[in-house]
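Here is a briefing for a reader meeting this structure for the first time. Please look through the sequence and the structure, then read on.

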Amino acid sequence: MSTAPAWVEFFVAALLVVAGLLSVVAALGLVRLRSFFQRMHPPALASTCATWAVAVASTVFFSELDGDLRLQAWLIPMLLSITSPVTAVLLARTALFRARQHGDEVPEPLPGDAP
Amino acid sequence: MSAVLNGATFFAIGCFVLAMVLALLRLLRGPAAQDRVLALDFIYVNGMLTVLVLGIRDASQLYFEAALLMALFGFVGSATMAKFLLRGEAIE
């Protein structure tokens with residue numbers, strides 16, 4: 001069995017618990033908020049804070065296990081930090097476009113902005 | 001694997017599954033198509049986190065590559081669906 005020091009195990013365990021709670025909070029926000037533009041925000045909690053917490057936990061755990069620095073888990077939050085804003089902006093533009101088609105009360109397009 | 005770490009991985013996986021079930025409610029209820037795409041993107045992120053935590057639980061580095069691929073293809077899927085809703089076609 002593993003002979004990890006107690007503080008490593010407690011640190012990893014605390015980070016994992018925090019990540020789980022953040023994810024549940026984000027899901028509750030996704031279910032409970034009223035409009036789509038409000039609901040866009042909670043998933044960012046999971047794709048930034050929770051993912052970083054799990055990545056740091058994974059880094060500490062595997063570094064301790066192998067006795068060497070294992071940073072490859074950080075690739076995942078780095079990738080998500082590039083990709084999730086792209087998805088968010090595309091979805092926001094989609095929601096604005098469809099709301100305008102539907103005739104809802106949303107801000108007018110800026111002059112020179114693509115439709 | 002101590003009892004503390006075992007319990008923490010179990011708790012984290014339970015939380016991610018609960019979050020996925022709640023997002024599934026949003027996915028089934030809608031009301032608009034972009035809500036469903038957002039919920040599916042959230043489910044992808046949570047599945048990826050579950051795989052990473054399973055990797056810690058099994059002390060295996062193999063799970064990391066699966067999680068990286070899930071993050072990548074989750075983005076491709078969500079961006080394509082959002083583009084489809086915006087334009088009516090995925091590739092212009």
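Just after α1(B), Gly30(B) takes a positive phi of about 80°. Helices here are DSSP runs of H or I with at least four residues, strands are runs of E with at least two, and both are numbered from the N terminus. This is a predicted model, in which local features need pLDDT of at least 70, side-chain atom pairs count only at pLDDT 80 or more, and totals for chains, interfaces and linings use all residues. Residues are numbered from 1 along each chain as its sequence is written, while chains are lettered from A and ligands numbered from 1 in the order in which they are written.

**Confidence**

- The predictor gives the complex an ipTM of 0.86 and a pTM of 0.88.
- Chain B has a mean pLDDT of 89, and 95% of its residues reach 70 or more; pLDDT is the predictor's confidence in each residue, from 0 to 100.
- Among the elements of chain B, helix α2 (residues 33–58) has the highest mean pLDDT (92) and helix α3 (residues 62–87) the lowest (89).
- Where pLDDT is low, the predicted coordinates should not be read in detail.

**Where the chains meet**

- In chain A, 48 residues are in contact with 45 residues of chain B. Contact means that the C-beta atoms of two residues, placed from the backbone, lie within 7 Å.
- On the side of chain A that touches chain B, α1 (6–32), α2 (36–39), α3 (42–66) and α4 (75–102) of chain A each supply at least two residues.
- α1(A) gives the most to that side, with 16 residues.
- By class, that side of chain A has 34 nonpolar, ten polar and four charged residues. Ala, Val, Leu, Ile, Met, Phe, Trp, Tyr, Cys and Pro count as nonpolar, Asp, Glu, Lys and Arg as charged, and the others, Gly among them, as polar.

**Helix α1 of chain B**

- The 27 residues of α1(B) (residues 3–29) should span 39 Å at 1.5 Å a residue, and its end C-alpha atoms are 39 Å apart, which agrees. The expected span is 1.5 Å times one less than the number of residues.
- Its buried residues pack against α1 of chain A together with α2 of chain B.
- Among them are Leu5(B), Phe16(B), Met20(B) and Arg26(B).
- Leu5(B) counts as buried because it has 23 C-beta neighbours inside 10 Å. The cut-offs for other C-beta atoms within 10 Å are 20 or more for buried, 12 or fewer for exposed, and in between for partly exposed, with C-beta atoms placed from the backbone.
- Leu5(B) touches Glu9(A), Val12(A) and Ala13(A), not counting residues up to four places away in sequence.

**Helices α2 and α3 of chain B**

- The axes of α2(B) and α3(B) come within 9 Å and cross at roughly 175°. That makes α2(B) roughly antiparallel to α3(B), a label for angles over 145 degrees.
- Axes are lines fitted to C-alpha atoms, for helices over the stretch in contact, and angles run from 0 to 180 degrees between N-to-C directions.
- Ala59(B) lies in the loop between α2 and α3 of chain B.
- Phi of Ala59(B) is near 55°, a positive value in a residue other than glycine.
- Ala59(B) counts as partly exposed, with 14 C-beta neighbours inside 10 Å.

**A buried residue in chain A**

- Val60(A) sits in helix α3 of chain A.
- Val60(A) counts as buried, with 20 C-beta neighbours inside 10 Å.
- Val60(A) touches Val8(A), Phe11(A) and Val12(A), not counting residues up to four places away in sequence.

Technical notes:
Angles under 35 degrees count as roughly parallel, over 145 as roughly antiparallel, 65 to 115 as roughly perpendicular and the rest as oblique.
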